[in-house]
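This briefing concerns the interfaces of a multi-chain protein model. Please consult the sequence and the structure shown here alongside the text.

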Protein chains: 4
Amino acid sequence: MITHSYEQCIQACLECMEACNTCYGACLKEKDMDMMVDCIRMDRECADICSFVAKSMQSNSPFAKQICQLCAEVCEACGKECKKHDHDHCQKCADACFRCAEECRQMAA
Amino acid sequence: MITHSYEQCIQACLECMEACNTCYGACLKEKDMDMMVDCIRMDRECADICSFVAKSMQSNSPFAKQICQLCAEVCEACGKECKKHDHDHCQKCADACFRCAEECRQMAA
Amino acid sequence: MITHSYEQCIQACLECMEACNTCYGACLKEKDMDMMVDCIRMDRECADICSFVAKSMQSNSPFAKQICQLCAEVCEACGKECKKHDHDHCQKCADACFRCAEECRQMAA
Amino acid sequence: MITHSYEQCIQACLECMEACNTCYGACLKEKDMDMMVDCIRMDRECADICSFVAKSMQSNSPFAKQICQLCAEVCEACGKECKKHDHDHCQKCADACFRCAEECRQMAA
């Protein structure tokens, strides 16, 4: 039911969702909270849209492509924010975001 | 950040989410729609709670265990409904539901 | 924190979410299920995106406008599908969808 | 389709969702971020479960009561956390949480 290309993009979304949720939880335990505010916000935005787009592809939503396009934009922004921070969870999250953005852009094209 | 046991349960939840969303999308294309009504409803309930509980474990929610307990109940019910139908997507979904129910029960314990 | 224009759009989204979820639940109890398949699918798509966009406006998401644009598109499509069906819950849902689409378009502009 | 008692509980959940999302967005702009960490986390947990339970009641989910029970617990915890903070958005949020907890408890009973 799920095409090959869908599968790859779904996988990237689920990994990005996990990286963002993990980074969110970890950021809330960091000491330099003032530094982490934008990261916390972006992590949650990104985790939520990744979960949303995975569902849309898995269930053959007629809006999957449009949601992918939006997800690519959010992932790109989240990746750029996470990239600024040295914490391991932020760097891992940035990588997952950029991969997911790339997959979603291809899907939306 | 994510403990070993969490990881296994998260994985089961994400697989169950995918199986349920796929089954949902496929059921909406089946011919014997009157037969599939309960399956459609349960698939969506189950996919949504699986996504919810995965997020809660990934982000270290203080309510992860309680959400797991609820998820186990929904997975069990969805699995029993899917099990009644011969479609390949229903049988696969039932298996994923029962596995996820078991993982969630252990996590909630 | 929530501007006047936001408030009006949030209200339309929450009403559309309720109309779609109600229509979804009611469609699953109708007798002519084969007729209702597209309505069931669209209701759920639309309810989910309405909930998503309400959250984004309420929490001052930097992506609120883009999500509104997508929501307008989904609401328009759901409204058109619901409009085809004589059931009271479908007609009410169509009205809520068109109102929400209009509010979201204005917000996205 | 939606019974009177459901309607009242749904309304409380939607108001609590709005209060929590608003408080979340506002907390992320406060200066004393270290103080607000638990509030940020609880706001988001509570907003998400409120949205989830509203959907379940609106769509006649067979699990509405169990989700209400869980929601009551989350609302109670979020209200207690918000109550500690003098910010107007926190105090309003606490009130909405306690009202919603009460409605959900009655629904779950």
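This is a predicted model: local features need pLDDT of at least 70, side-chain atom pairs count only at pLDDT 80 or more; totals for chains, interfaces and linings use all residues.

Residues are numbered from 1 along each chain as its sequence is written, and chains are lettered from A and ligands numbered from 1 in the order in which they are written.

**Interface of chain A and chain C: extent**

- Chain A and chain C each bring 18 residues to the contact (contact means heavy atoms within 4.5 Å).
- About 1,500 Å² is buried between chain A and chain C, with carbon and sulfur atoms giving 66% of that area; buried area is the accessible area (1.4 Å probe) that two parts lose on being put together, summed over both.
- Of the area that chain A buries against chain C, 35% is supplied by Phe52(A), Phe63(A) and Leu70(A), more than by any other three residues.

- The rule finds 2 salt bridges across the interface of chain A and chain C (a salt bridge is a side-chain nitrogen of Lys or Arg within 4 Å of a carboxyl oxygen of Asp or Glu).
- A salt bridge joins the side chains of Asp48(A) and Lys55(C), at 2.8 Å from N to O.
- Between chain A and chain C, 10 residue pairs are in polar contact, both residues being at pLDDT 80 or more; a polar contact is a pair of N or O atoms within 3.5 Å, and within protein one must be able to donate a hydrogen and the other to accept it, with residues adjacent in sequence counting only if both atoms are side-chain atoms.

**Interface of chain A and chain C: composition**

- On the side of chain A that touches chain C, helix 2 (33–58) and helix 3 (64–83) of chain A each supply at least two residues (helices are DSSP runs of H or I, at least four residues, numbered from the N terminus).
- Helix 2 of chain A gives the most to this side, with 7 residues.
- The residues of the side of chain A that touches chain C comprise 9 nonpolar, 4 polar and 5 charged; Ala, Val, Leu, Ile, Met, Phe, Trp, Tyr, Cys and Pro count as nonpolar, Asp, Glu, Lys and Arg as charged, and the others, Gly among them, as polar.

**Interface of chain A and chain B**

- Chain A and chain B each bring 20 residues to their contact.
- The area buried between chain A and chain B is about 1,700 Å², 59% of it on carbon and sulfur atoms.
- Across this interface the rule finds 0 salt bridges and 5 residue pairs in polar contact, both at pLDDT 80 or more.
- Helix 1 (4–27) and helix 2 of chain A are the elements giving two or more residues to the side of chain A that touches chain B, and helix 1 of chain A has the largest share, 9 residues.
- That side divides into 8 nonpolar, 7 polar and 5 charged residues.

Key: Side-chain values use heavy atoms; hydrogens and water are left out.
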